[in-house]
Amino acid sequence: RAPRPLHVESAAAVRQGRVPRLLDPLDVFRLRNSLPANREARRRIVALARSAQMQPLPTGRVRDMPMLSVLVPHYSETILFQQKDLFVDGRNTALLHYLVKYYRDEFANFAERVCGTSAVRPSDGDAEGEPGQSLDLEEALSRWTSVRMQTLWRTVEGVCSAYARALATVAKQQAPDLTQSEREHLVKGKLQVVLAVQQYAKFADPASPAFDIRQLAAVEALLSAFGDWLTLAIIEEEAGPHGRLYFSSMVDASCPVDPTRRVISSQLGMRVPKFRVELPGFPILGHGKSDNQNCAIIYTRGEVLQMIDANQDAYFESALFLPMALQEMVGLDVEEQNGRRPGILGSREHIFSDVGLLGRLAADSEFTFGTIVQRTMDWPLQARLHYGHPDMMDKLQMVQQGGVSKGTRGLNLSEDVFAGLDLVLRGGWTKYQEYFHVGKGRDMGFMSALAFYAKISMGNGEQAITRQWTRMGIELPVQRLFGVFYTHVGYYLTQALMSKALQVFGFMAAFFAVSGHADAAVGISTSYFGFLYLLF
């Protein structure tokens, strides 16, 4: 049966909740015929329908929204897959074989777009590249594989393409009298993507142990494809009269390649920075990520910052709600508490790495935390702080408290949460919404997933001895303190006590059994509390 098109009256009707019932439980057959066969396409359409039906939705205009700067830190993560990652001795690698098998329908569509017929020819506007940009088969295949794995290319392409196209689409509907060039100028004044490539200078230095011509070529490909939105914040090091000098520098697509720092036998090289700010000393004081973020803040032009990791993604249909989300932070009708607008606006994530049993378990766990747990932490517990990506932050409030994260090694193992702690201690507050979301990749191996949860638990242990938590315990009202304690340090303390109690229970049951007091052992095992211990 042919699918029945979904009709929307107007933008005002959507804001009032008059939208098509895509998820009508009484019409399952229409739902099945209306959605495409691809699983990811179905999920994204359903997510859009659910977001559009959330009430109340704020109003937001692109012209009135504050400028957004998306901050993405990078150290040595994979940026873009190359030919050697996909082919070895003329044969497909295990990575390419897996991607083609797992994304069978998407690869068939990709082959049809790029090849068209049996003859290989460049595409006239591939979906994995910029509109109207011709790509050869090797480059197109490299980008196709990169946007389906946890790479920096997927993150940057998702943010630049989805955000820019969504803002242009919304601006066209809100101001149809604007020309295309005027809309492009408007969107460029509202969006900036800052990529904090900490080791960019070392990628281009053959004398450095971190020299990597492939990473340097991938960075150049990023600047070539997304130069209209992309700004690189880098850290430079050079010899001075009294020791080493360190600089936080800014590079964009307009910067020429430094002829003195060009890589031999290659046209690649480090670009001449447009701005340089000398730092007081070696900038990496902690684990690296927090220092990298704080060194890049000075090159963000937006009033609102969004924290994005190097293994995330953005979606066009979700970005349509971006002006509404920004208006909740900086707008004419922004909600205030104690005369202050929200300092952090949280949102949920879709985990796209749900491959295999461990991947699905990690994805379901993260989805639960990002939705029902954070929803409860926001209200009524008022215990939600900051957990990194993809929160939006008021830049003015973050700069006043020393940056978006803390960088002391060991003590600030969970560096993100301290931005929320400092905000609350200074009288600020956070907010949470679910109509806007981004994608996120998680660990898919047993040891990597275990290491992640161990890092979170150890980070909470380190937090317990900080002065921020001491002041939170002294200053917060008792009803809010209970919620904050249980959802952070108290949760892991409870887990540790339960683990020890289970061991003591097992030991006592075995002790009474071997000591001749079988009745006591049976009593412990069959008691009410013993049943709960065995069950949980």
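Arginine 341 is partly exposed, at 21% relative accessibility; here buried means under 20% relative accessible area, exposed over 50%, and partly exposed in between (1.4 Å probe, protein chains only). This is a predicted model, in which local features need pLDDT of at least 70 and side-chain atom pairs count only at pLDDT 80 or more, while totals for chains, interfaces and linings use all residues. Residues are numbered from 1 along each chain as its sequence is written, and side-chain values use heavy atoms, with hydrogens and water left out.

Arginine 341 forms a salt bridge with aspartate 394, the closest N and O atoms being 2.7 Å apart. A salt bridge is defined as a side-chain nitrogen of Lys or Arg within 4 Å of a carboxyl oxygen of Asp or Glu. Aspartate 394 is buried, with a relative accessible area of 2%. Since aspartate 394 lies in strand 13 (residues 392–394) and arginine 341 in the loop between helix 14 (322–327) and strand 12 (344–351), the pair ties together parts that are 53 residues apart in sequence. Helices (H or I, at least four residues) and strands (E, at least two) are DSSP runs, numbered from the N terminus.

## Other salt bridges

The whole structure contains 25 salt bridges. One of them joins the side chains of glutamate 434 and arginine 375 (2.4 Å, N to O). This pair links distant parts of the chain, with glutamate 434 in strand 14 and arginine 375 in helix 15 (residues 356–378), 59 residues apart. Glutamate 434 is buried at 15% relative accessibility, whereas arginine 375 is partly exposed at 39%.

Aspartate 309 lies in the loop between strand 10 (304–307) and strand 11 (312–313) and lysine 440 in strand 14 (residues 430–440), so the pair ties together parts that are 131 residues apart in sequence. Both aspartate 309 and lysine 440 are buried.

## Serine 405

Serine 405 is situated in the loop between helix 16 (395–400) and helix 17 (417–425), and is buried at 2% relative accessibility. Leaving out residues up to four places away in sequence, serine 405 touches Ser290, Gln293, Asn294, Glu415 and Asp416, where contact means heavy atoms within 4.5 Å. The side chain of serine 405 makes a polar contact with that of glutamine 293, at 3.2 Å. A polar contact is a pair of N or O atoms within 3.5 Å; within protein, one must be able to donate a hydrogen and the other to accept it, and residues adjacent in sequence count only if both atoms are side-chain atoms.

## Nonpolar cores

The largest nonpolar core has 67 residues, and those with the most contacts inside it are Val70, Tyr163, Leu195, Leu222, Leu232 and Met392. Helix 8 (residues 152–174) gives the most to this core, with 12 residues. A nonpolar core is a set of buried Ala, Val, Leu, Ile, Met, Phe, Trp, Tyr and Cys residues joined through side-chain atoms within 4.5 Å. Beyond its neighbours within four places in sequence, tyrosine 163 is in contact with residues including Leu68, Val70, Gln306, Phe436 and Val438. A second, separate core of 16 residues includes Val194, Met250, Met393 and Met398.
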